[in-house]
Amino acid sequence: MTRDPRQGARDVFWELHDTQRYTCPGCGASREETTAMHVHHRDGNPSNNSRENLVALCNQCHLGGVHDLDVDDPQLTEPSGYTPRPSVSAPRPGP
């Protein structure tokens, strides 16, 4: 069985954050309000798993906002209209 290459980033990020209380810095959604939280590399380099380079975003903000994909399309095609980009430069402080 091959390990998912993205698992290292997930491990680093979730070691520092409470998975039950974390909210998406793009839209404020909690884990219960979204189908998934994706760990995103701020600099776009999937090998840079430094803590400062990682942020978790809900699937809508990550795929639709950051990567400009149509999250309602099962093939994740490019969207036909405007998709606002969430700010992922710094996560919102938690409670």
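A residue is described here as buried when its relative accessible area is under 20%. By this criterion, in the predicted model, buried residues account for 32% of the 95 residues of the protein. The secondary structure consists of two helices and two strands, and these elements follow one another in the order α-β-β-α from the N terminus. Among contacts between residues at least 6 apart in sequence, 43% link residues that are at least 24 apart.

The two strands, β1 (37-41) and β2 (54-58), pair with each other in the antiparallel sense, over five bridges. In β1, four of the five residues are buried, and in β2 the count is five of five.

In a regular strand, side chains alternate between the two faces of the sheet. Strand β2 can be described in these terms. Leu 54, Ala 56 and Cys 58 point one way from β2, while Val 55 and Leu 57 point the other way. The residues of both sets are all buried.

Cys 58 illustrates the covering of this strand. The residue lies in β2, and it counts as buried because its relative accessibility is 2%, whereas the cut-off lies at 20%. Leaving aside residues up to four places away in sequence, Cys 58 touches Cys 24, Cys 27, Thr 34, Ala 36 and Met 37. One of these residues, Ala 36, is 22 residues from Cys 58 in sequence, yet the C-alpha atoms of the two are 5.8 Å apart in space.

Nonpolar side chains tend to be buried together in soluble globular proteins. In the present model, the largest nonpolar core comprises 13 residues. Those with the most contacts inside this core are Phe 13, Trp 14, Tyr 22, Cys 24, Met 37, Val 39 and Ala 56. Helix α1 (7-16) and strands β1 and β2 each contribute at least two residues to the core, and β2 gives the most, with five. The surroundings of Tyr 22 were also examined. With residues up to four places away in sequence not counted, Tyr 22 touches Phe 13, Trp 14, His 17, Ala 29, Ser 30, Arg 31, Met 37, Val 55 and Ala 56.

Empty space was considered next. Rolling a probe the size of a water molecule over the atoms shows where such space is left. The largest pocket has a volume of about 340 Å³. Of the 16 residues in its lining, Arg 6, Val 39, His 40, His 41 and His 62 are the closest to the centre of the pocket. The elements supplying two or more residues to the lining are α1, β1 and α2 (59-66). Strand β1 gives the most, with five residues. When the lining is sorted by class, six residues are nonpolar, eight are polar and two are charged.

Notes. Residues are numbered from 1 along each chain as its sequence is written. This is a predicted model: local features need pLDDT of at least 70, side-chain atom pairs count only at pLDDT 80 or more; totals for chains, interfaces and linings use all residues. Side-chain values use heavy atoms; hydrogens and water are left out. A nonpolar core is a set of buried Ala, Val, Leu, Ile, Met, Phe, Trp, Tyr and Cys residues joined through side-chain atoms within 4.5 Å. Buried means under 20% relative accessible area, exposed over 50%, partly exposed in between (1.4 Å probe, protein chains only). Contact means heavy atoms within 4.5 Å. Two strands pair if DSSP finds at least two bridges between them. On a 1 Å grid over the protein atoms alone, a cavity is a set of points where a 1.4 Å probe fits but cannot get out, and a pocket is an open set with protein on both sides within 12 Å along at least five of seven lines; lining residues have an atom within 4 Å of a point. Grid points are joined across faces, edges and corners, and a volume is the space filled by probe spheres set on the points. Ala, Val, Leu, Ile, Met, Phe, Trp, Tyr, Cys and Pro count as nonpolar, Asp, Glu, Lys and Arg as charged, and the others, Gly among them, as polar.
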